[in-house]
Amino acid sequence: MQNCYRLLHVGICLMLRFTIAAIIFSFIILISSCNENENKKQYIVGFSQCTMVNKWRQTMLDEMKRELAFHPEVKFVFRDANGNTQKQTEQIQELINEKIDLLIVSPQEAAPVTPIVETAYNKGIKVIIVDRRTSSQKYTAYVGGSNYEVGSTAASFANSILKGKGNVLEVSDIPGSSADIDRHNGFFTSLQQYPGIKYISKIYEEGDEHPSNKNSTGFLKNNPDIQLIFTQNDRLALAVYNACKNLGIENKTKIIGVDGLPGKNGGIDLVEKGMLKATILYPTGGKEAIQTAVKILYNNTYKKETLLTTTVIDSTNVRVMRLQDEKLSALQNDIERGQQKIKEQEIITNNQSNIIFAISVSLALALIFGFVLLYYLRENKKITARLALKNEEILKQSEQLIELGKKANAANEAKIQFFTKMSHELRTPLTLILGPVEDLMENEKVNRVAAQSLSLIQKNTLRLLKLINQLMDFRKIEIDKLKINVAENDIVSFLNQIIEAYKNIARKRNIDLRFFTSQYFLNVWFDETMLDKVLFNLLSNAFKFTNDNGYIHIFLEKNEAAKNIKIIIEDNGVGMSEVAVEHAFELFYQGEHENYRGTGLGLALSKELIQLHNGTICVKSAKWKGTKFTITIPIENTALNKQDYTRKEISETVLYDDSKVYTSELLPDETFQNELTSPSFEHSILIVEDNNDLRRFLKSRLSYTYEIIEAENGIDAIDKALDIVPDLIICDIMLPGKDGFEITHILKTDIRTSHIPIIHLTAKTSLQSQIEGMKELADSYITKPFNFKLFEQNIKSLLANRTILKEHFSGEISSELKTRSTNKTDRKFLHEFNALIESNIANEKFSIDDICRTIGLSKMQLYRKVKALLNCNVNEYILNKRLQKSKFMLQNEELSISEIAYKVGFSSPAYFSTVFKSKFNLTPSEYKENRNTNNIR
């Protein structure tokens with residue numbers, strides 16, 4: 001106890017030290033962050049620029065940064081799309097993800113960028129559009145100049161310098177852009193006011209930052225009488241000037257540019273050098289965009305539309321403009337240096353404050369935690385006392401649990417005894433059922449129908465007997481009462497006898513069943529009653545999952561070094577998935593499809609029985625590639641206790657009994673054909689059931705009244721349902737391939753089969769399964785076992801209701817017609833033909849050509865086939881379908897006459913009323929008014 005006390009004391013001290021250090025560090029960081037963040041709130045502004053390849057947009061960014069120098073509380077995040085619209089969209093999404101407060105966008109293209117800008121706006125982010133607009137009004141503010149005004153100003157200046165007379169050429173670089181179109185329209189429209197000035201043409205030059213003068217040179221060679229050239233930016237103006245200089249006409253040709261940027265080869269520089277007559281100042285709006293952004297962030301009054309004014313820069317004001325720009329740049333540099341000095345002083349001040357605060361907090365915490373330590377030392381003594389009391393309580397509870405365990409074991413023993421007794425009690429009536437049934441089967445006076453029923457009773461009685469035997473063996477293993485009783489016998493002879501029981505089944509199914517061994521005689525110690533159950537179970541599984549014309553091979557190998565034998569059973573059946581192989585020997589495990597015919601007992605029991613022999617069993621399998629089971633057991637009996645074995649001969653009776661139990665369900669049933677000539681049935685039923693016995697039983701009971709089609713898996717069922725289109729489907733739920741729920745969903749959502757009633761006949765009795773079946777639109781859910789009369793009446797009711805609905809409301813193919821067309825191909829044609837018309841009932845342009853194209857028949861073939869099967873022409877049938885549909889809608893839906901007319905494919909309500917009255921002697925309105933009376937049919 002003293003050692004525990006010391007350890008606890010040391011732990012508390014260490015905990016306190018680390019806690020003090022953590023708190024001091026947290027306070028230092030907290031104070032540092034508080035000092036760094038001023039009283040003003042910090043904002044994040046994101047700017048998405050379409051491209052930065054030209055100087056005008058670089059100037060826009062410089063103006064923004066210059067204005068941001070007055071707003072240190074604003075964090076500026078810049079993105080350059082390099083002229084790529086997709087990249088700009090992605091960059092704006094990144095800015096949204098960074099939780100920015102305001103977004104500034106200069107779009108590359110209006111329409112493609114609009115959706116992501118609207119997304120930002122809808123998320124509550126303020127949006128400012130600069131220079132180019134988007135295709136939406138969802139933005140907070142717009143800042144930009146008027147390109148139309150730029151063109152108009154250029155036209156006015158051209159008139160003044162040409163004195164109202166001369167030839168004018170226009171040059172641009174981006175065909176179809178918004179700037180190109182607006183500037184051209186402003187220039188061209190304004191020139192119409194000056195009849196003495198002739199607009200010659202507009203040409204384009206390639207290149208953005210460094211445009212060529214190839215097209216300009218060629219045009220000026222052919223048209224030397226150009227007095228003035230209007231270029232849509234200063235870069236083009238420089239290129240055109242070089243073209244004029246090369247041609248020696250630079251002195252007589254006047255050039256007007258656009259942008260008016262400072263710096264070398266900017267518009268201001270070119271005007272000052274005399275290379276341009278003038279440039280139209282087109283403001284970038286960078287400064288105004290930041291000013292508007294700050295107003296928005298601080299909830300101050302701002303303009304939603306800020307239109308920047310333009311002006312002409314010529315020789316009269318160019319020097320003033322250049323000096324003004326130089327002063328602004330110098331002022332910006334001074335501001336940046338001042339801000340840098342302020343930040344350096346803030347860092348020094350913050351560090352000094354942090355150190356003083358950290359020392360003060362450390363002293364205060366040292367005193368506080370001193371008192372805390374004393375408090376915990378006292379609490380430790382109280383905890384020790386409480387732990388002692390808890391230990392006493394735990395000891396008492398442990399004694400109580402031991403007592404309860406003894407009672408539970410006694411109760412479990414009583415349950416096992418009851419289960420064993422009940423299993424024996426069940427075996428007695430099963431034996432009494434089996435005996436008389438076999439006697440009757442051997443009686444020659446029993447007719448073939450009764451013999452078939454007796455065979456079904458015998459097979460399922462043996463199946464139930466096998467299941468009870470397996471359950472009893474498991475109980476014996478659980479209570480350690482199943483003792484191995486070995487004898488030294490010839491394993492080769494033993495295997496031959498077991499394989500012989502399957503020869504008849506293999507011959508009838510054309511399965512290659514062979515036994516391979518190099519041993520003619522091999523004595524092995526084994527328990528015949530256990531090993532034969534294992535082998536019968538494995539062989540039965542192999543036959544269940546191997547298709548006809550397959551193979552099942554048995555190998556016996558002796559390993560002298562390991563002193564054991566291997567029995568290998570290999571087939572080329574359906575195989576198992578990786579998941580099924582992993583859980584194959586687990587009790588009651590059933591794979592999704594692999595074990596749908598079993599209970600999950602056989603393989604688990606086989607493993608237990610082989611382990612009693614000190615052997616092993618394993619499986620290798622691949623889906624659709626077959627399965628291989630390998631049993632390994634020792635040859636000698638040295639690993640077994642002597643009291644567990646005796647020397648005896650193999651019992652023929654044991655092998656015979658197990659042979660009957662395991663092979664009876666594998667024998668193919670003799671197909672019973674009705675001796676009476678089958679009439680042409682009115683209705684057909686598709687039975688989807690993987691259990692052969694139950695499927696044949698249902699067929700034998702229903703084949704007197706209905707045409708029966710069979711399917712034993714989900715894929716085959718869907719194919720037959722779509723091909724034959726039966727009148728009703730009886731479907732199990734647990735099926736290989738696709739289960740009953742999937743089948744119902746597929747058929748109920750297909751226009752060709754959605755009308756077919758589906759009955760779920762299954763052993764799944766849970767309420768959840770029934771609800772799931774109804775969700776998939778199953779018409780009825782019947783659980784096994786079932787009353788056949790109730791089941792048969794259910795079928796009759798569903799078919800009768802379906803017939804009434806077809807003939808009364810939707811004008812389906814009548815029962816008489818279906819009975820008359822017994823050919824499967826004709827029936828399939830009728831259903832496809834009817835489904836095609838139903839799906840196009842509202843299409844007034846639907847024609848016979850559409851039917852021919854879909855079904856794949858010529859007009860003549862279609863006319864003849866419909867006339868032969870339906871005794872009417874195609875147009876009459878379509879018209880009748882439309883009218884029958886309209887009657888149903890008039891009776892059951894609250895729609896106007898016009899709405900119904902269009903929904904059933906008539907081009908006008910008037911024509912619909914005329915046709916309806918000629919058919920039923922009542923107008924649609926009269927029919928609708930009397931829909932609740934009994935004299936309207």
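Student: Which residue caps the N-terminal end of H19?

Tutor: Asn 691 does, in this predicted model. A side-chain oxygen of Asn 691 lies 2.9 Å from the backbone nitrogen of Leu 694.

Student: Which residues of helix H19 are buried?

Tutor: Start with the general idea. An α-helix has 3.6 residues a turn, so residues three or four places apart point the same way. Now the case here. H19 spans residues 692-702, and its buried residues include Leu 694, Leu 698 and Leu 702. Asp 693 and Arg 695 are buried as well.

Student: How should I read phi?

Tutor: Most residues other than glycine have a negative phi. Asp 259 has a positive one, near 130 degrees. Asn 510 is also positive, at about 55 degrees.

Student: Where do Asp 259 and Asn 510 lie?

Tutor: Asp 259 is in strand E9, residues 254-259. Asn 510 sits in the loop between helix H14 (503-508) and strand E14 (512-517).

Student: Is Asp 259 buried or exposed?

Tutor: Asp 259 is buried, because its relative accessible area is 5% and the cut-off for buried is under 20%.

Student: In what order do the five strands of the open sheet run?

Tutor: Strands of a sheet pair through backbone hydrogen bonds, either parallel or antiparallel. Here the pairing is mixed, and the order is E14-E16-E17-E19-E18. E14 and E18 (616-622) are the edge strands, each pairing on one side only. From one strand to the next, the twist averages 10 degrees.

Student: Which helix packs on the sheet?

Tutor: H13, residues 491-500. It touches E14, E16 and E17, and its direction makes about 180 degrees with that of E14.

Student: How many bridges join E18 to E19?

Tutor: Seven, and the two strands run antiparallel. Thr 616, for one, has Thr 632 in E19 as its bridge partner.

Conventions
Residues are numbered from 1 along each chain as its sequence is written. This is a predicted model: local features need pLDDT of at least 70, side-chain atom pairs count only at pLDDT 80 or more; totals for chains, interfaces and linings use all residues. Side-chain values use heavy atoms; hydrogens and water are left out. Helices (H or I, at least four residues) and strands (E, at least two) are DSSP runs, numbered from the N terminus. Buried means under 20% relative accessible area, exposed over 50%, partly exposed in between (1.4 Å probe, protein chains only). A polar contact is a pair of N or O atoms within 3.5 Å; within protein, one must be able to donate a hydrogen and the other to accept it, and residues adjacent in sequence count only if both atoms are side-chain atoms. Two strands pair if DSSP finds at least two bridges between them. Axes are lines fitted to C-alpha atoms, for helices over the stretch in contact, and angles run from 0 to 180 degrees between N-to-C directions. Contact means heavy atoms within 4.5 Å.
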